[in-house]
Amino acid sequence: MGPPLLSVRDLSVHFHMAGSWLWRQPAAVLKAVDEVSFDLAPGETLGLVGESGCGKSTLGRAVLRLLPNIQGRVVWLGEDLAKLDEEAMRQKRREMQIVFQDPLAALDPRMTVGEIIAEPLRTFRPDMSAAESKAKVQAMMAGVGLLPQQINRYPHEFSGGQCQRIGIARAMINEPKLVVCDEPVSALDVSIQAQIVNLLMDLQRQYGMSMIFISHNLSVVRHVAHRIMVLYLGRVAEIADRDQLYRNPRHPYTQALISAVPIPDPDLERAKARLILKGDLPSPLDPPSGCAFRTRCPKATPLCAQLRPELTPLELGHRVACHHWDK
Amino acid sequence: MGAVLEIADLQVRFATPEGEVEAVNGVGLTVQPGETVGIVGESGSGKSQVFLAVMGLLASNGQAAGSIKFQGGEILGRPASELNRIRGARMSMIFQDPMTSLNPYLTIERQLTEVLVTHRAMSRGAARAAAVDMLERVQIPEADRRIGHYPFEFSGGMRQRAMVAMALLCQPELLIADEPTTALDVTVQAQILALMAELTRGARTALVLITHDLGVVAGLCDRVLVMYAGRIVETGAVRDIFHRPQHPYTAGLLASMPRLDNDVAKQLQTIPGQPPNLQRLGPGCAFAERCPRVMDRCRVERPLLRLISGPGAGQDGEGRMKACHLEDL
């Protein structure tokens with residue numbers, strides 16, 4: 001494997017919450033993402049999974065530097081993104097794109113489909129002629145399964161699945177090296193989800209871009225991702241190759257997540273062993289000491305409250321942050 | 001004992017500025033005491049509208065016709081005052097988003113005890129004790145203290161557990177749950193589903209589970225009805241639906257789900273195209289445009305829901321029906 005496209009080291013995003021004298025709330029720091037490190041190879045898909053509030057969307061945006069207060073290093077093809085000035089960073093954005101969850105909300109209702117998809121072209125390649133831009137937009141529309149003759153329609157005339165195709169066409173028009181997909185199929189109907197998943201994988205085969213695929217749906221992530229990172233309250237619980245993670249999950253949280261996914265087969269679903277977690281996610285403003293998962297963990301011991309487990313390498317890039325992974 | 005719920009030839013229409021929309025068309029179903037029935041369909045299939053009509057909660061531009069019998073008595077078209085004696089006491093409904101179904105201005109205690117004070121004429125003190133007991137059964141920690149809190153002080157999972165508690169407080173004969181876990185995280189979903197199954201089974205409450213998630217149906221339901229474009233397209237016992245689907249739409253849905261128990265395929269199977277526009281339904285089968293097995297007949301003649309006979313009927317063959325011209329899939 002060549003050098004990574006993206007190298008993230010000790011990335012943290014901390015939000016400073018203002019206190020309130022009236023409500024007797026002290027100022028607090030919310031560690032949405034805390035000391036996360038990973039590499040992403042060209043053409044690779046990294047799945048980010050975890051429950052709401054685990055920091056997966058924040059991490060995706062922080063990698064693209066779409067947020068303030070980012071600590072740590074994001075190295076893009078050997079270049080530290082934090083050291084770039086505004087204009088240089090703007091140029092880099094041509095190569096990194098994002099696809100959002102709510103397809104209709106992500107599109108300007110007053111722009112035609114053609115204008116929406118052409119916008120990145122106008123921004124990054126202002127010298128391109130109108131005819132050339134239109135031809136490129138129409139080719140891209142065909143590539144994502146839209147009818148090129150619908151170029152002058154508006155987003156509201158399309159269904160949710162088609163709007164997601166428009167969002168993907170806009171992300172792909174400049175042939176980026178990285179696309180962050182933030183829950184791209186979660187708002188879609190089951191019969192449409194499979195279409196969009198297949199489209200993203202086809203585009204990856206065709207253009208070779210890397211993807212960071214954020215989803216709470218473990219079945220979908222297993223289908224698209226080469227490697228998967230499990231986050232809990234902003235920290236990495238486990239990271240491993242896809243097959244390794246699903247066959248041999250080591251972190252109790254990963255095990256619980258996988259066991260909670262319903263299987264669409266009445267016999268298997270009713271016979272399978274369940275690991276049902278107690279309680280809810282603790283407040284990220286006041287996470288438990290030591291291992292943040294210990295309050296819901298079936299394996300927790302006093303050690304877990306005292307000492308935060310470090311991410312420990314097992315085999316073949318499989319790493320887990322748990323004191324008791326081998327028990 | 002007769003059916004808890006009997007729906008016959010239900011139509012639901014909405015008057016919209018663009019014309020009339022037929023959201024539900026000729027739907028009939030029965031729910032037996034203690035049974036768990038899954039209603040599966042995509043957005044716009046009419047699955048929620050059927051049960052909003054049952055609860056008398058259709059939007060103001062909606063009109064229902066047909067027959068809805070609860071414990072043998074007709075309830076469709078009855079005034080709210082009459083429905084209120086049944087709603088909340090003998091049949092309850094849980095919605096997808098617990099934040100919007102709880103009143104943000106009232107404490108959990110006020111909202112939970114209301115049903116007992118209204119329907120059971122309990123004193124406030126007795127109602128509070130019953131509510132605390134129910135909150136404990138749905139695993140709200142420190143229920144005695146937490147009952148004084150407002151909904152915003154609860155997490156999403158706790159709010160939905162409070163909703164389950166509220167719905168089951170009067171030990172209803174029928175509980176309708178409309179996507180009860182869709183807004184929740186997967187580990188919390190597992191908790192809530194296990195809880196609903198346990199509590200309804202214990203009280204012999206019939207449960208209708210409306211969902212788009214076939215996995216949830218597989219784990220919980222005895223019988224399944226699949227809806228498409230306002231009509232029922234297939235019904236059957238849960239194992240027959242999953243192991244021997246007889247309608248191409250059901251088969252397509254099952255095949256297009258990535259699942260954890262299979263090897264990873266190169267490509268997911270898909271159902272091509274989009275769900276149909278309910279305002280522009282043709283004379284034929286609404287699924288014809290997306291169907292891999294479409295025949296000429298399907299475009300001109302709407303298939304009626306009919307009993308399946310022969311090998312397709314499956315093992316638990318009772319009530320095995322489909323609306324498809326194909327003899328066998």
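Predicted model: local features only at pLDDT ≥ 70, side-chain atom pairs only at ≥ 80, totals over all residues.
**View 1. Chain B as a whole.** The secondary structure of chain B comprises twelve helices and twelve strands. Its radius of gyration is 21 Å, close to the 20 Å that the globule rule gives for 329 residues, so chain B is as compact as a globular protein of that length.

**View 2. The contact between chain A and chain B.** Chain A brings 36 residues to this contact, and chain B brings 40 residues. On the side of chain A that touches chain B, the elements giving two or more residues are helix H6 (190-207), helix H7 (218-224), helix H9 (252-260) and helix H10 (266-271) of chain A. The largest share of that side, six residues, is provided by H6(A). Sorted by class, the residues on the side of chain A that touches chain B are 18 nonpolar, nine polar and nine charged.

**View 3. The eight-stranded sheet of chain B.** Eight strands of chain B form an open sheet with mixed pairing, in the order E6-E7-E8-E3-E9-E10-E12-E11. Strand E6 (91-94) and strand E11 (306-307) of chain B are the edge strands, each of which pairs on one side only. Within this sheet, strand E3 (residues 36-40) and strand E9 (residues 223-228) of chain B pair in the parallel sense over four bridges, and B:Val37 stands opposite B:Arg223 in E9(B). As a general point, strands of a sheet pair through backbone hydrogen bonds, in either a parallel or an antiparallel sense.

View 4. Strand E4 (residues 62-70) of chain B runs antiparallel to E5(B) and is joined to it by two bridges, with B:Phe70 standing opposite B:Gly73 in E5(B).

**View 5. Two helices of chain B side by side.** The axes of helix H7 (residues 156-168) and helix H8 (residues 186-203) of chain B come within 10 Å and cross at roughly 10°, which means that H7(B) is roughly parallel to H8(B). From H7(B) the contact takes B:Gly157, B:Gln160, B:Arg161, B:Val164 and B:Leu168, while H8(B) contributes B:Val188, B:Gln191, B:Ile192, B:Leu195, B:Met196 and B:Leu199. By class, seven nonpolar, three polar and one charged residues make up the contact of H7(B) with H8(B).

**View 6. The surroundings of B:Thr113.** B:Thr113 lies in helix H4 (residues 108-120) of chain B and counts as buried because 25 C-beta neighbours lie inside 10 Å. Leaving aside residues up to four places away in sequence, B:Thr113 touches B:Arg124, B:Ala127, B:Arg128 and B:Ala131. The C-alpha atoms of B:Thr113 and B:Ala130 are separated by 8.2 Å, although these residues are 17 residues apart along the chain.

**View 7. Two loop residues of chain B with positive phi.** Most residues other than glycine have a negative phi. B:Gln139, which is not a glycine, has a positive phi of about 65°; this residue lies in the loop between helix H5 (124-137) and helix H6 (143-146) of chain B and is partly exposed, with 17 other C-beta atoms within 10 Å. B:Arg204 also has a positive phi, near 55°, and is placed in the loop between H8 and strand E8 (206-211) of chain B. With 11 other C-beta atoms within 10 Å, B:Arg204 is exposed.

**View 8. A buried helix face and a loop residue in chain A.** In helix H3 (residues 113-124) of chain A, the buried residues include A:Val113, A:Ile116, A:Ile117, A:Ala118 and A:Leu121, and their cover includes helix H4 (130-143) and helix H5 (160-172) of chain A. Elsewhere in chain A, A:Ser283 lies in the loop between H10 and helix H11 (302-306) and is partly exposed, with 13 other C-beta atoms within 10 Å. A:Ser283 and A:Lys31 are 252 residues apart in sequence, and 11 Å apart in space from C-alpha to C-alpha.

Terms used: Residues numbered from 1 in each chain as written. Chains lettered and ligands numbered in written order. Contact = placed C-beta atoms within 7 Å. Nonpolar A, V, L, I, M, F, W, Y, C, P; charged D, E, K, R; others polar. Pairing = 2+ DSSP bridges. Rg over C-alpha atoms; globule rule 2.2 N^0.38 Å. Buried ≥ 20, exposed ≤ 12 C-beta atoms within 10 Å, placed from the backbone. Axes fitted to C-alpha atoms, helices over the stretch in contact; angles between N-to-C directions. Parallel < 35°, antiparallel > 145°, perpendicular 65-115°, else oblique.
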